[in-house]
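Please open the model in your viewer and keep the sequence beside it. The tour moves from one selection to the next, with a short account of what is found at each stop.

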Amino acid sequence: MLAAASPALAQDAAPQSLEQLTPEIDALFAKYQVDAHIPGMVYGIVQDGKLVHVKGIGVQDLEAKRPVTADSLFRIASMTKAFTALAILKLRDDGKLRLDDLAEQYVPEMKSWTYPTKDSPRIRIRDLLQHVGGFVTDDPWGDRQQVLPQAEFTRMIAAGVPFSRAPQSQHEYSNFGYALLGRIVANASGMAYTDYVQRTILTPLGMAHSGFDAPHAPKETYALGYRWENDAWAAEPEMVDGAFNAMGGLQVSANDYAKWVAFLLSAWPARDDPDTGPVRRATVRELAQGSNFTSVVNRIGSTGAEACKQSLAYGMGWRVAQDCELGLTLAHGGGYPGYGSHVMLMPDSGTAVFALANRTYAGPSGPAWDTAVAMDKAGLLVGRDTPVSPAVAQMFAATQAAYAAGNLKPLDGKLAMNFLLDRSAANWAAELAKLKDQVGTCPSAEPLAPTGALSTAFRLNCDKGKLDGTLLLAPTSPVTIQAWRLRVVPPPAP
């Protein structure tokens with residue numbers, strides 16, 4: 001029989017508390033601050049909708065030596081892209097645009113562009129969201145365009161741009177593409193990009209201290225940006241809000257940013273509760289839909305070389321990966337003159353780690369991911385169980401009865417049309433007899449481990465051993481069984 005997935009087993013040791021783990025976490029970030037020559041940084045952990053740990057280290061400005069706190073304001077650079085992506089999806093929800101609309105419908109200056117080949121598709125809004133517009137990777141050029149006036153950006157668009165490749169042919173990260181999305185937000189909403197994000201996302205989430213006009217932020221909380229050069233810190237120029245704000249211009253505090261992260265995590269899992277957020281939960285979950293241009297990468301951080309590989313794709317404003325230990329992860333860094341940042345979400349456990357720093361391109365991704373791994377090893381990342389559906393419970397009980405009877409009689413009327421075509425009733429009876437000879441009767445079962453509303457893994461406790469199995473129901477009404485698989489669990493090694 002085919003091998004079956006085993007139900008999740010309880011941890012052997014009781015989990016640590018986060019309070020017990022925080023000295024290890026704090027040491028990770030403290031070491032990074034020193035090694036990366038960062039004047040100051042703040043980091044936080046959000047879990048189950050709350051900022052459960054936050055700490056500022058170092059100073060937010062070298063002259064006044066104000067210490068970094070959870071209220072210190074940092075530019076988050078490309079972590080702004082997630083706000084832009086959600087703004088686009090919100091406009092889609094409100095009927096202001098469609099993701100498959102041509103971008104030039106909202107940015108008419110693009111209509112005169114010359115594409116790289118005669119068969120190049122014209123750029124859609126969706127292409128800009130997922131960095132498949134055909135533009136060249138533009139770090140660090142794009143970072144310095146933050147201050148570009150809107151009128152100059154209009155002239156830049158109208159003049160056309162050289163393409164790196166045909167649109168929709170490959171992922172290539174583009175700040176310019178997200179700046180175009182900011183223009184689309186403005187033209188589709190009828191208000192400035194910054195006003196739209198403020199009204200529809202920041203204000204409803206209570207992010208009262210966050211915004212785009214960084215140089216005019218209160219000096220007592222403003223984390224100034226520095227670069228490390230010639231073994232010394234030098235101040236980076238303060239950049240006013242400009243036409244590239246949609247790709248990296250947002251400024252936040254840890255306390256404010258935690259509200260954004262908690263809101264995003266609250267979209268998982270799908271459920272029947274009232275939708276009370278400024279954007280629908282289903283729309284937030286769309287951010288995790290990666291494009292088809294996937295890659296295989298090492299996990300970020302010190303465990304990357306030994307951990308199993310990740311399958312990575314770019315969603316909408318997020319790098320989306322499946323990690324064999326951490327589950328679904330959404331992550332993004334922010335690199336900017338004077339600032340570096342990183343955030344990672346783990347929706348399966350309702351947990352996120354983020355960090356903000358005030359040194360050019362000093363993105364603290366390593367300690368953020370190492371924190372997540374440490375929390376996982378400490379038993380602090382508890383996955384949300386998939387509930388056992390009534391259909392799965394009913395059909396599992398019927399298969400238990402069939403095993404006890406040694407034939408498929410208890411499954412009469414419960415089998416999909418393929419079941420007996422794939423294996424005859426006589427062969428099933430022979431196989432069940434063989435299994436009973438090996439492990440005997442199976443009077444009890446471990447809790448089911450459903451993989452959806454129509455499938456589950458299971459383990460049967462038998463007189464002379466154990467059976468693992470899977471049960472897969474068919475998309476019929478009423479539901480029926482399309483596959484039932486069993487295997488003997490090998491005895492433990494002596």
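In which sense do strand β10 (residues 327-336) and β11 pair, and over how many bridges? Select both strands in this predicted model, and you will find that they pair in the antiparallel sense, with seven bridges between them. Within this pairing, go to histidine 332, which stands opposite valine 343 in β11. Then follow the chain through the hairpin that β10 and β11 form, where two residues lie between the strands and where glycine 338, in the turn, has a positive phi of about 100°.

Next, select β11 by itself, residues 339-346, and show the side chains. Tyr339, Ser341, Val343 and Leu345 point one way from the strand, while Gly340, His342, Met344 and Met346 point the other way, and all are buried. Because eight of the eight residues of β11 are buried, the strand is largely enclosed by the rest of the structure.

For the last stop, select serine 174, in the loop between α4 (150-159) and α5 (175-189). Is serine 174 buried or exposed? With a relative accessible area of 3%, serine 174 is buried. Leaving aside residues up to four places away in sequence, serine 174 touches His131, Phe135, Val136 and Asp138.

Definitions and conventions:
Residues are numbered from 1 along each chain as its sequence is written. This is a predicted model: local features need pLDDT of at least 70, side-chain atom pairs count only at pLDDT 80 or more; totals for chains, interfaces and linings use all residues. Side-chain values use heavy atoms; hydrogens and water are left out. Buried means under 20% relative accessible area, exposed over 50%, partly exposed in between (1.4 Å probe, protein chains only). Helices (H or I, at least four residues) and strands (E, at least two) are DSSP runs, numbered from the N terminus. Two strands pair if DSSP finds at least two bridges between them. Contact means heavy atoms within 4.5 Å.
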